[in-house]
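Biologist: I am new to this structure. Please walk me through its charged pairs and the reasons behind each label.

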Amino acid sequence: MKLIITIGALVISLLAKSQTIVFSGSIKANNGKPIENASVVVTNLSTPKVSKFGFSTVAGSFKLEIPLAVPDSVFVQINAMGYKPITTKVWLTSNVPAFSFVLQEAKFELPAITVKNSGITQRKDTVAYDIQKLRTPADDVLEDVLKRLPGIEVGDDGSIKYQGKNINKYYIEGLDMLGDKYALANRNLAAKHIAQVQVLENHQPIKMLDSLVPSQRAALNIKLLPSAKNRLLGKANLGVGVPALLVDAGINAMQFATDKQYLHVYKFNNTGNDYSGELKRFNEGDFSETYTGNLIRNHLLSIPLAQAPLLNSNRVLFNNLHVLSVNQLTKLKNNATLQLQVDGTLDKNRQTATESNQIFFLNDTIVFKEQQELVQKPWQLSGRAEYTKNVKSKYLINTTVVNLFGAHNTGLLVNNNAASTQQFRNLQGGISNAFQQVTMFNKWRFTLKHFMSYSSLQQHLLVSPNANLNIWLQVADSMFIRQRVSVVTGYQRLQASFSRPLGKWNLSQQVGYSTLLQQFNPNLQKGLDTKQFENLGRDSFGIRENITQHITEFTTNLGYKTTDFSISLSGTLQALFQNKIITPRLGTFHWLPAYNAFANYVISSRWSVGATSNLNQLFDKPFQTNGSFIMNDFRNIGTANNLTGFQLMQSNSIQFNYKNIVKAAFMSFGVSSNNTQFNTIQTQQFINSLSIGDRTLFNNRMSDVDYHVSASRYFFNLRMSASIQTNYQQSKTVQATPAGIVNSTIGSLGITSKLGWLIGTVNVDYATRFKTSNIQQSDVNKIRSADWQNMFTVTKTFKGSWVTKFGLEHYNLSASGRPVQTFFFGDISVIKRQAIKKFDVSILWQNVTNTKAFVNNFAFGNTFSQNSFQLRPSQLMLQIQRSF
Amino acid sequence: MIKANFMKCAVLTIIQALIVLSLFGQSQSSNNNALCIEYTFSHLTDTVNTSKVVTGKYCLSLLGTQTSYIATSTKTTDSLMTKMMDDPSGFTSLEQSFLQNSMAQKGTTERFYADLSNKKIAYFIPWVTGKIAIYYTLPEFDWQLTDSSKDIIGVRCTKATGYWKGRHYTAWYAPSIPSSAGPWKANGLPGLILSMYDSKNDVQWHAVQLYTPNITPDVSIPPKTEVVTKEQFEKMKQDFIKDPQGTMNTVNAANAANGNNSTTTITIKGDGKLRPKPPINNPIELP
């Protein structure tokens, strides 16, 4: 029996042995050298199941015994470190010959790169910054830390760029509560609560389109420390100071839970802090809709205001500002979110400046100097409700926005010894609703978008008797002049599109139709006093216009997306029909072609390149094509002569990006060009400082080219961050006058660099900006100007939680033929931190080295201005802050 | 004046640019086929007392088909020791205290050097008489591949199961990283092993960092290492246990011949007899 079993087992084993195929061969490099320890993996054709695997020997040979149960045809993958892997289909037969594989040498790149160092990590498309490792004791709020992070740039206005491009979304714990109003979080959320700042590269906000529609921009996601989640966070602060009574007070409260988030802020100050910047929206949705619907704060009329200097606001701003922001996001049961926001600002600010203008023409130069004393009382109240359902199978968003803007400004302007008092009032309101839904049927995606809005604008500008104005208007010298305008706009747009993915391709077609009804009522009046006015009595000063506008559009888009490469090509054709109900009735028709194209290519884990090319047409809002003369301000009066102005904007850019996560090093460089072609031009005639504009048909071009390099790095061993940005920009403009065309060219080289260094308990921050410009305005004015700015801050932390901070700013402004201006500003603060009671008490002395006025130079087109601004006095503040 | 300003700023920015950009250049010098992986390791050494868990961090360095597997603290100590020997004057007080700290850290001192092509692995032992290495054949884990996959530190990994020396292991390997290496003695999968644990979770290795090193990693046994057989090392151990001072005298004599007159004396507490450490009841390699 035993013998039978033994013989049986032997036979079975022999049979089993015979039912295998020997798959053997050799693996060599392209230079003939055998490759050792290369993996040889045999997988079935239909499933990814591995049938057999092995490795090459030192001589580069391999031998695998594959069971016959494996299908005849299999995939073989040969892989070795430092070589490009190959995958090939092989027929397995009983007498399969020996194979010879040749691998090409290739630099080994980590797959879907995951590299980790002590502060920055990358996981697939997400770069994560460990904030608790990267922050310094000098960093109070999130924005302070963001400014140190390599690869991230924070603008003066709070905008954020990653690798040179604006971010497209901002999330806190994965939820979009603020709707791009992210400076509010960055300037109120304490850095001590943040665990990570994640950059989601090439972020597509609509989950349904994630694998289909490529994106060039990144999003930011803020991850909190576990101790900061699901609990009330915030702080209250009160500061009082001298001279006069200075107050800087505020309270903020926030909570971030998985199903609910809120962030509420109220601030008031008369110390020069411009907190209204915290409410700025950095991605305004579809710009064309808010623009066309006349929903943006729009000052058709104004009191002239000198271009403000790029100074810290608490050097130059005399304000009384209240800011309120209420934001809440609730996660609903069906995976949808409801976002509610209310924002309000109320301000009373004062600006005292002297504006010296030179306007260069072919044979003439207009020179005038003006002293400006302005009191502005702007206010704003906005409400927003947004319902979003953003899941893999469905996308639905409905946003309702209500905006109210108002202002009551008064000014005293002294021009060539002639004083003019002025009064400006604005009341503007708008309501809009935007709806978008993406649904899927089989593999087809259908998108429906609808936008509707109603807006009303009422403005008036009252000017006391003014010689230049009254001469041109042919009214008595003693007459007051009042310009009133009202614009009422109703707008709606409907777009429908369908798309279907074809492998890695996606093709979509979109049709749209929009209609706009607008009523424009301008009225230029004269009066013997500020109460009683009568129309000027000429048609050209008050033509009431009822305008209808219809646009039919067709867009086709082709996209292709793989892991490394994506491209998107869109072409749009719009048919615009405008009908003005005036006498005689005026109808215009235009074809408006446009295209948008971009491509991204990931060259390696460290290098990528992106290119864009766009052609867009921006046309005037119907009321801007007015046939009446409108007094925009007491120095500018003009008419559009019923001519619709078009801007044909063509732009191209290419940008290379580099990142090395191990070294915490980021770099981007590239070139972009913008060419704008206008179909009309506003010719300028002057009566002293009064400009009279008259629109005529004329093809003119403006262009600019921008070369930029940006590099940043964090040195972990030194705890130092360094960044440098350089750009060269050349812009060309033209200005028409009755005497002919004036060409202006301005070439500017700008260099900005920053250094932040933590040395023991001392934190040193240094930033420098340098800009030099060659200005060529007509043949008359050739100026070379240079602005150099240095900012130096030292923060020292002592034992016992004492912190001292010393800041110094230096400005050196020069322009050929003009005296060099040098300014120094200094701030000193001493803070005592009571960590246990969460109290901070600080004394702050601002504008230590006080200067009465600041002078800056400003050039645009054929105008060169030198402006002088009154500065805030030296001020001393005592502040108490309690965090919770 | 404008020119002077421009010059000042240009010098300043060029200095900063050099700081930033010169170090961009450094990052290009990494070796094509080199890779470092840091693993966390945990081992329940006593099944009776479950609080006895040895933990540590290990670094697996790859250079082609050669690997080294060294405790992270040992690696730091080694590099500081090398610096101290090469340039004593440039050795800062900070580095000195760092060295003392890292030498004082307790933890496993296991150190392996593997040659994946020749299927050899060297166990490195810092013995009293000097550095010793014993070569073994690389263990075979009898891996069975499965279709399961998941991401580990962002790298797609596939599951495999295997058995060696009394333990059933689960390993997650990265097919996209073509190396048959793994933590400890693990090897033989068609991709780098990023995570491995036994069926009882008594022994675990998990990758936490993966990076291309800036300098070529040292994957060879250290110089002046004596290669012995397992039997020879057993004899050396027995000789040392029998007569520790006799072994040290041999070392002292060899040092004196090389001009080093320092002598080492061994004092054994208790009855003066040296005894081998008691074996742990749950070793990684079960009998």
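Modeller: First, the term. A salt bridge is a side-chain nitrogen of Lys or Arg within 4 Å of a carboxyl oxygen of Asp or Glu. Keep in mind that this is a predicted model.

Biologist: What makes A:Glu545 and A:Lys580 a salt bridge?

Modeller: Their closest N and O atoms are 3.5 Å apart. The cut-off is 4 Å, so the pair counts. A:Glu545 lies in strand S31 and A:Lys580 in strand S32, so the bridge ties together parts 35 residues apart in sequence.

Biologist: What makes A:Arg635 and A:Glu370 a salt bridge?

Modeller: The N to O distance is 2.9 Å, so this pair also passes the 4 Å limit. A:Glu370 belongs to strand S23, 265 residues from A:Arg635.

Biologist: Why do A:Arg635, A:Glu355 and A:Glu370 count as buried?

Modeller: The limit is under 20%. A:Arg635 has 9%. A:Glu355 has 9%, and A:Glu370 has 1%. Each value is under the limit, so each residue is buried.

Biologist: How many salt bridges are found over all chains?

Modeller: The search of the whole structure finds 30.

Terms used: Residues numbered from 1 in each chain as written. Chains lettered and ligands numbered in written order. Predicted model: local features only at pLDDT ≥ 70, side-chain atom pairs only at ≥ 80, totals over all residues. Heavy atoms only, no water. Buried < 20%, exposed > 50% of the residue type's maximum accessible area, 1.4 Å probe, protein only. Helix = DSSP H or I, 4+ residues; strand = E, 2+ residues; numbered from the N terminus.
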